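This report describes a protein fold and some of its side-chain pairs. The sequence and the structure come first.

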Amino acid sequence: MNGAYQEAAWGVIREVEKAVVGKDQVIEKIMTAILAGGHILVEDMPGTGKTTMALAFSRAMGLKEKRVQFTPDVLPSDLTGFTIYKKELEKFVYQPGAAMCNFLLADEINRTSPKTQSALLEVMEEGQVTVDGVTRKTGRPFIVMATENPAGSAGTQLLPDSQLDRFMICVTMGYPDKEDEIEILKRNQKGRPAVRTSNVFGPDILCKMQEEAADTYVHDLIYGYIADLVEATRSHRLISLGVSPRGAVARAAMSRARAWLKGGKYVVPEDVSEIFVDTAAHRIQLSAKARVGHVRPADLLRQIEEKVPAPSIRIRRG
């Protein structure tokens, strides 16, 4: 295990904290998802710092970034690219779309059409796009960080379940408290803080970090704990659609990344429980009874977590 890599990961977190005030836990969870090789969905009201967060992460990690402001007139080809006939070359030439990068910021993703949203399905799952029968790989690593306004906001459309399931985690920013808001005002006096984010490392280093995190040891008891939590979402009377197998895989990957980031040699139950809600809340569908009763997915998942016994494993960090 390379301690220098872990220190570099925390260096990214510290850089992002300079741009985003008072959201340390959210920043750490997003960094964990990136180390796990996953995509991130950030849901909240406009103006809470979602885009600033994304830009700060991409610049701190030296990634080739592309940003798409999703509106109803954005086309699938804007993301995947298209081929155009070049008369002087007498052949069709591929024009890359926004997805051909390392870090794609999909801003307000739920404001575009379902057809355009579906264009992201292949690239999020496989890291590639197919245009006119030809498959092309994106950059490596490839991360999608999407922001969305709450359902019901003007001009929004619900994301399909198949796309929600491709996001490793879903987090919310929330409004800052008074002290943090004052600090935000001070930092923005000289322009946007994300623009001043310093580069900590590049794409090659991030790939090596992801490989190390993926090699973190997971005991069969931990795999059993993850499976028990997933099964509990599928059999709960207030949940009509539980967590998918892809969701279980995401939870295991997040747990390994969290253990690696915290300096652990193996995954412990705390690594699983700390990311349970963030990896599951956007993947479940509540029953009609739960919706009528205004039950929140996060509250329901915390109840499930309390009822599912965690295995007894001795904790050793560092």
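The text below covers the sheet, a helix and the aromatic side chains.

The model is predicted, with local features taken at pLDDT of at least 70, side-chain atom pairs at pLDDT 80 or more, and totals for chains, interfaces and linings over all residues. Numbering starts from 1 along each chain as its sequence is written, and side-chain values use heavy atoms, without hydrogens and water.

Five strands form an open sheet with parallel pairing, in the order β2-β5-β8-β1-β9. Strands are DSSP runs of E of at least two residues and helices runs of H or I of at least four, numbered from the N terminus; two strands pair if DSSP finds at least two bridges between them. β2 (65-69) and β9 (169-171) each have a single partner strand, so one side of each lacks a neighbour in the sheet. On average, neighbouring strands of this sheet are turned by 15° against each other, direction ignored.

Four bridges join β1 (residues 40-43) to β8 (residues 143-148) in the parallel sense. Glutamate 43 has glutamate 148 in β8 as its bridge partner. Helix α2 (residues 24-35) lies across β1, β8 and β9, at about 165° to β9; axes are lines fitted to C-alpha atoms, for helices over the stretch in contact, with angles from 0 to 180 degrees between N-to-C directions, and contact means heavy atoms within 4.5 Å.

There is one aromatic pair. The ring centres of tyrosine 85 and phenylalanine 92 are 5.2 Å apart and the planes stand at 65°, so the pair is edge-to-face (centres within 6.5 Å, planes over 60 degrees apart). The table gives the exposure of both residues (buried is under 20% relative accessible area, exposed over 50%, partly exposed in between; 1.4 Å probe, protein chains only).

| Residue | Relative accessible area | Class |
|---|---|---|
| Tyrosine 85 | 44% | partly exposed |
| Phenylalanine 92 | 59% | exposed |

Methods. Phe/Tyr/Trp six-rings, centres within 6.5 Å; stacked < 30°, edge-to-face > 60°.
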